[in-house]
Amino acid sequence: MLPDLVHARHLAQLGLLKDILDETGLATNLLEKSEAIPLHVLMAGFQEDKKGRERFLHFSFLPLNDEEIGAIQLLQIYSTLPFHLKEGRRGEVASVLLEINTRLPIGHFGINEQNELHYRYVYSIPATSTFESEEVLEILSLFVYMCDMFAEHVELVASGEAGAEQVIQALR
């Protein structure tokens, strides 16, 4: 369990991030930790995908033991992909994710325990600094670009429209 001071610092940092995102016109919602939510979470809508489906970014600080790791904070940027994994496709999708993840400069695609597909990046920032607008927006731009660049390939395999080997060959 994190001390109240750490939670307060995380909430303040997410508030600064919210201000940066609000200035760009993104719709944001800052959810404070509660019994239902163990950590503060900032949610932000971003542009729809090519098929017009809504997408959301989730920002939260990963809990660290301040006694062992005090110089950095880890901000997780997470987005669930707006399509589903067809039953029986997990193995093929995992093969494609492995191939794609070797090409990414930041983050990785994955499948969680509920078979939801996601794109995730953990951003390390010094514990003593605050967010710089330009830096944050460049990271988010790269995050969205990587998501857009490869999510379509993941969906082809997840939906059963293409096989893993076919998509892997197309990526090479």
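Gln73 touches Arg9, His10, Gln13, Phe61, Leu64, Tyr123, Ser124, Ile125, Pro126, Ala127 and Ser129, leaving aside residues up to four places away in sequence; contact here means heavy atoms within 4.5 Å. The model is a predicted one, in which local features need pLDDT of at least 70 and side-chain atom pairs count only at pLDDT 80 or more, while totals for chains, interfaces and linings use all residues. Residues are numbered from 1 along each chain as its sequence is written, and side-chain values use heavy atoms, with hydrogens and water left out. Gln73 belongs to strand β4 (residues 72-80), where helices (H or I, at least four residues) and strands (E, at least two) are DSSP runs numbered from the N terminus. With a relative accessible area of 2%, Gln73 is buried; buried means under 20% relative accessible area, exposed over 50%, and partly exposed in between (1.4 Å probe, protein chains only).

Confidence can be summarised through pLDDT, the predictor's confidence in each residue, from 0 to 100. The protein averages a pLDDT of 92, and 97% of the residues score at least 70. Confidence is lowest in helix α1 (residues 4-23), at a mean of 91, and highest in β1, at 97.

Strand β4 is part of an open sheet of six strands, ordered β1-β2-β3-β4-β6-β5 with antiparallel pairing; two strands pair if DSSP finds at least two bridges between them. The edges are taken by β1 (28-31) and β5 (108-111), each with a single partner strand, so one side of each has no neighbour in the sheet. From one strand to the next, the twist averages 25 degrees; axes are lines fitted to C-alpha atoms, for helices over the stretch in contact, and angles run from 0 to 180 degrees between N-to-C directions.

The pairings can be followed across the sheet. Four bridges join β1 to the antiparallel strand β2 (residues 41-46), and Leu31 stands opposite Val41 in β2. Nine bridges join β4 to β6, again antiparallel, with Thr80 opposite His118 in β6. β5 and β6 run antiparallel and are joined by four bridges; here Ile111 stands opposite Leu117 in β6. The hairpin of β5 and β6 has five residues between the strands, and Asn115 in this hairpin takes a positive phi near 60 degrees.

Two helices accompany the strands. Helix α2 (residues 90-101) lies across β5 and β6 (117-126), running at about 165 degrees to β5. Helix α3 (residues 133-159) packs on the sheet, touching β2, β3 (55-61), β4, β5 and β6, and its direction makes about 160 degrees with that of β6.

The 12 residues of α2 reach 16 Å from first C-alpha to last, close to the 16 Å expected at 1.5 Å a residue, the expected span being 1.5 Å times one less than the number of residues. Val93, Val96, Leu97, Glu99 and Ile100 of α2 are buried. They cover an arc of only 160 degrees around the axis and therefore lie on the same side of α2; the arc is that of the directions from the helix axis to the C-beta atoms. These buried residues of α2 pack against β5, β6, α3 and α4 (164-171), whereas the face turned away from the buried side carries the exposed residues Gly91 and Leu98.

Leu62 lies in the loop between β3 and β4. Leu62 and Leu75 are 13 residues apart along the chain, and their C-alpha atoms are separated by 6.2 Å. Not counting residues up to four places away in sequence, Leu62 touches Leu74, Gln76, Arg120 and Val122.
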